[in-house]
Amino acid sequence: MGIVAGLDSSSAFTRIVVCDADTGAVLRQGYAPHPVEAKATDVDPQAWLLSLGEAAAGGLLEGVQAIGVSAQQHGLIPLDSSGAPVRPAMVGNDKRAQAAAADLVEAFGGRQAWAEAVGSVPQSGLPVSKLRWLARTEPDAARRTALVLQPHDWLVWQLLGRPVRKTTDRGAASATGYWSAGTGSYRPDLVELALGHQAALPEVLGPSDAAGTTPEGLLISAGTGETMAAAFGLGLATGDAVVSLGATGSVMAIHHEALADPSGMITSFADATGMHLPVVHTLNAVRALRGTAELLGVEDLSELSALAMKSTPGASGLVLLPYLEGERTPHLPHTAGTLTGLRRESMKPEHLARAAFEGMLCSLADALDVLRGRGVVVRRVFLLGQAAELPAVQAAAPAIFAAQVVVPQPADYAALGAARQAAWAFGTAQGTLAPHTPPSWQGAAAQVFEAGDELSVGQAVRQQYAATREQIHPGAFNP
């Protein structure tokens with residue numbers, strides 16, 4: 001029996017789990033916030049190391065034989081020829097590169113050209129867009145940039161003592177905007193288009209490869225991005241999708257091939273196992289619930305959920321298109337939300353509450369159908385986020401998604417995925433695991449919900465929503 005650890009360095013904190021390498025049982029855990037403001041867009045990457053050291057204090061890693069690293073995606077650390085940062089790291093949720101992203105789309109020939117080249121269309125968060133912003137806004141720093149890393153790459157490099165070799169993995173590389181999950185290769189021409197010159201990029205490792213071994217003999221696995229680590233920690237397989245309920249929403253699923261999407265709605269990531277992880281984002285999810293709660297004067301989402309449960313499926317004819325911040329799926333960046341079906345009998349708080357939940361779920365079901373329309377099989381939907389615990393969500397989701405819905409118990413799934421990867425790399429190095437067969441860890445404890453007899457009712461809600469969307473935004477999904 002071996003002991004492995006997974007660390008997840010998010011935008012605000014570091015979490016560490018220490019696990020039994022054979023079963024995945026969590027033996028101990030550590031946590032520490034980053035010593036920076038959570039909303040900071042420029043961060044000294046040393047802060048992540050300080051947080052890591054604090055989370056690992058008290059002998060947490062004693063006896064550990066391998067470590068996997070998960071970290072926030074889309075962050076950018078531009079380094080000079082000596083390996084020193086030319087400026088602070090730009091974090092993943094930095095929106096300053098929005099104009100730079102649009103500039104890149106036009107410079108390379110449009111959304112379809114980007115989708116075919118690397119499986120994604122530049123958005124403000126992607127490293128390729130940040131490089132363009134750097135070249136336009138801080139040209140001196142751009143000129144000195146000789147090497148480009150993401151947070152997970154940088155942390156692995158630091159743990160290994162800053163060796164000459166720099167590494168990443170398929171998952172993290174697929175989130176850069178200059179590596180193609182379809183071809184499995186970099187597009188240096190896109191780096192040059194963005195930055196103005198070539199820069200060194202880390203070697204892309206396979207799922208069970210080791211990045212190296214520390215002088216103390218501790219194996220460090222390839223690591224990956226948070227999204228890919230969480231999917232691996234959940235134990236997703238073909239037929240599984242994840243719907244994430246944050247202020248914005250996302251839908252991702254395991255698939256056997258990369259999906260180039262000319263519309264740009266699908267971002268074609270690679271996962272942490274050698275498969276693919278197509279993702280569709282929406283700009284509105286829980287923010288629609290919070291807006292409705294404020295409008296109705298209820299204190300929190302639990303109260304809004306209880307109110308919605310007093311209504312019935314279809315919300316007495318009320319339909320909310322929850323495009324409050326414009327929308328990405330479908331591509332309606334300048335639109336607003338719409339409430340239709342107002343009649344005297346429907347003008348009650350419980351119906352509006354129900355319409356908010358159904359509108360959010362139908363919008364995410366639209367995103368799920370984008371994947372299904374490209375041949376992605378979806379039999380189970382894992383619901384993540386605090387809103388997944390709300391009764392109104394659990395009651396409506398299976399029938400609206402037309403799939404079994406799984407609500408996992410809260411856990412550090414990204415850190416668990418990183419630990420599972422560490423166990424895989426360690427087992428492969430020891431000859432006890434095959435390079436193409438990850439360790440079989442026990443799946444996440446979860447509640448399971450079935451559509452049952454409500455499936456036809458849920459599909460009627462979808463039809464009502466789709467008819468309203470088509471009336472207000474005709475051809476939105478077929479421009």
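**Note on the predicted model**

1. Thr145 is found in the loop that runs between α5 (139-144) and β8 (147-149), where helices (H or I, at least four residues) and strands (E, at least two) are DSSP runs, numbered from the N terminus. The model is a predicted one, in which local features need pLDDT of at least 70 and side-chain atom pairs count only at pLDDT 80 or more, whereas totals for chains, interfaces and linings use all residues. Residues are numbered from 1 along each chain as its sequence is written, and side-chain values use heavy atoms, with hydrogens and water left out.

2. Thr145 has a relative accessible area of 2% and is therefore buried, a term that stands for under 20% relative accessible area, with exposed meaning over 50% and partly exposed in between (1.4 Å probe, protein chains only). When its neighbours within four places in sequence are left aside, Thr145 is in contact with Pro78, Leu79, Val86, Leu134, Leu195, His197 and Ala199, contact being heavy atoms within 4.5 Å.

3. Ser316, in the loop between α11 (301-308) and β20, has a positive phi near 55°, and at 32% relative accessibility Ser316 counts as partly exposed.

4. The peptide bond that joins Thr329 and Pro330 is cis, with omega at about 5°. Pro330 has its place in the loop between β20 (319-321) and β21 (338-340).

5. Strand β19 (residues 276-282) can be described through its partners, two strands being paired if DSSP finds at least two bridges between them. Strand β17 (residues 249-253) runs antiparallel to β19 and is joined to it by four bridges, with Val280 of β19 as the bridge partner of Val251. Strand β18 (residues 266-270) also pairs with β19 in the antiparallel sense, over five bridges, and here Thr267 stands opposite Val279. The hairpin of β18 and β19 has five residues between the strands, and in this hairpin Gly274 takes a positive phi near 105°.

6. How much of β18 and of β19 is covered? In β19, six of the seven residues are buried, while in β18 five of five are buried.

7. Leu304 lies in helix α11 and, with a relative accessibility of 0%, counts as buried. Apart from neighbours within four places in sequence, the residues in contact with Leu304 are Leu289, Thr292, Ala293, Leu296, Val298, Ala353 and Phe357. The C-alpha atom of Leu304 is separated by 48 Å from that of Pro202, and these two residues are 102 residues apart along the chain.

8. Helix α14 (residues 413-430) has 18 residues and reaches 25 Å from its first C-alpha to its last, close to the 26 Å expected at 1.5 Å a residue, the expected span being 1.5 Å times one less than the number of residues. Of the 18 residues of α14, 15 are buried. The residue that follows α14 is Gly431, whose phi is positive, near 80°.

9. The second largest pocket has a volume of about 360 Å³. On a 1 Å grid over the protein atoms alone, a pocket is an open set of points with protein on both sides within 12 Å along at least five of seven lines, in contrast to a cavity, where a 1.4 Å probe fits but cannot get out, and lining residues have an atom within 4 Å of a point. Grid points are joined across faces, edges and corners, and the volume is the space filled by probe spheres set on the points.

10. Which residues lie nearest the centre of the second largest pocket? Among the 18 residues that line this pocket, they are Leu416, Gln442, Gly443, Ala444 and Ala445. Both α9 (226-234) and α14 supply at least two residues of the lining, and the largest share, three residues, comes from α14. By type the lining divides into 10 nonpolar, seven polar and one charged, where Ala, Val, Leu, Ile, Met, Phe, Trp, Tyr, Cys and Pro count as nonpolar, Asp, Glu, Lys and Arg as charged, and the others, Gly among them, as polar.
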